[in-house]
Amino acid sequence: AAEVFREVVHACDGRTLGLFTSYRTLNGVYDRLTGTRHRLLRQGELPRAELTRIFKEDVSSVLLGTESFWTGIDVAGEALTGLVIDKLPFPHPDDPVIDAICERDPRAFDNYLVPMAIIALRQGVGRLIRCKTDVGVAVILDRRIAEKGYGRKFLKSLPPMLTTRRTENISRFLEEAAYARAS
């Protein structure tokens, strides 16, 4: 995850939001990115509103967050060009409510967990494009979106967009988008 994240940060010249499903992965990526030329901001170091303010003002910074950042921030414009999501945001299996639902419904995964995760993913991806002039790339690191049958449901739920499985296409896409905006 950290290596792909590094590629996205490089292609986007910072300006990247990382959304994680666990603090362990967030902290691991943070540790691996330390020393880059971009300012790294991490959930827990400052209040969410302060982190968001700094991220907006320092347009080459990188912000890493978990659950509350999937829905709780609005960063329009050039400060956010890259979005990296580590895993599909399924509800935590240790949640007693989820556990109770799974006990009562033998198809809880399809009937409840997938739809909940789809809503959370849509909210996370929604952080990227906040106004008509915004351009960006969303990178979802979870292979299940491409390899599992339910992955198609996730992809269909997202706005129409170009897709690729190759991070080296990011720079070219952003260059073409910048050229199209300038024309």
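The model is predicted, so local features need pLDDT of at least 70 and side-chain atom pairs count only at pLDDT 80 or more, while totals for chains, interfaces and linings use all residues. Residues are numbered from 1 along each chain as its sequence is written, and side-chain values use heavy atoms, with hydrogens and water left out.

**Aromatic pairs**

- The structure holds six aromatic pairs; rings of Phe, Tyr and Trp (its six-membered ring) pair if their centres lie within 6.5 Å, and planes under 30 degrees apart count as stacked, over 60 as edge-to-face and the rest as tilted.
- Phe5 and Phe20 form a stacked pair, because their ring centres are 6.0 Å apart and their planes are at 20 degrees.
- Phe5 belongs to helix H1 (residues 2–11) and Phe20 to the loop between strand S1 (16–19) and helix H2 (23–33), so the pair ties together parts that are 15 residues apart in sequence.
- Helices (H or I, at least four residues) and strands (E, at least two) are DSSP runs, numbered from the N terminus.
- Phe5 counts as buried at 1% relative accessibility, and Phe20 counts as buried at 2%; buried means under 20% relative accessible area, exposed over 50% and partly exposed in between (1.4 Å probe, protein chains only).
- Phe90 and Tyr150 have ring centres 5.8 Å apart and planes at 85 degrees, so this pair is edge-to-face.
- That pair links distant parts of the chain, 60 residues apart: Phe90 is in the loop between strand S4 (82–85) and helix H5 (96–104), and Tyr150 is in the loop between helix H7 (144–147) and helix H8 (151–157).
- Tyr150 is buried, with a relative accessible area of 15%.
- Phe90, Phe109, Tyr150 and Phe154 are linked by ring pairs into a cluster.

**Helices H5 and H6**

- H5 packs with helix H6 (residues 108–125) at an angle of about 150 degrees, and their axes are 9 Å apart; axes are lines fitted to C-alpha atoms, for helices over the stretch in contact, and angles run from 0 to 180 degrees between N-to-C directions.
- H5 and H6 are therefore roughly antiparallel to each other (under 35 degrees is roughly parallel, over 145 roughly antiparallel, 65 to 115 roughly perpendicular and the rest oblique).
- Ile98, Ile101 and Cys102 of H5 meet Ala108, Tyr112, Leu113 and Met116 of H6, where contact means heavy atoms within 4.5 Å.

**Glu103**

- Glu103 is found in helix H5 and counts as exposed at 65% relative accessibility.
- The C-alpha atoms of Glu103 and Thr133 are separated by 46 Å, with the two residues 30 residues apart along the chain.
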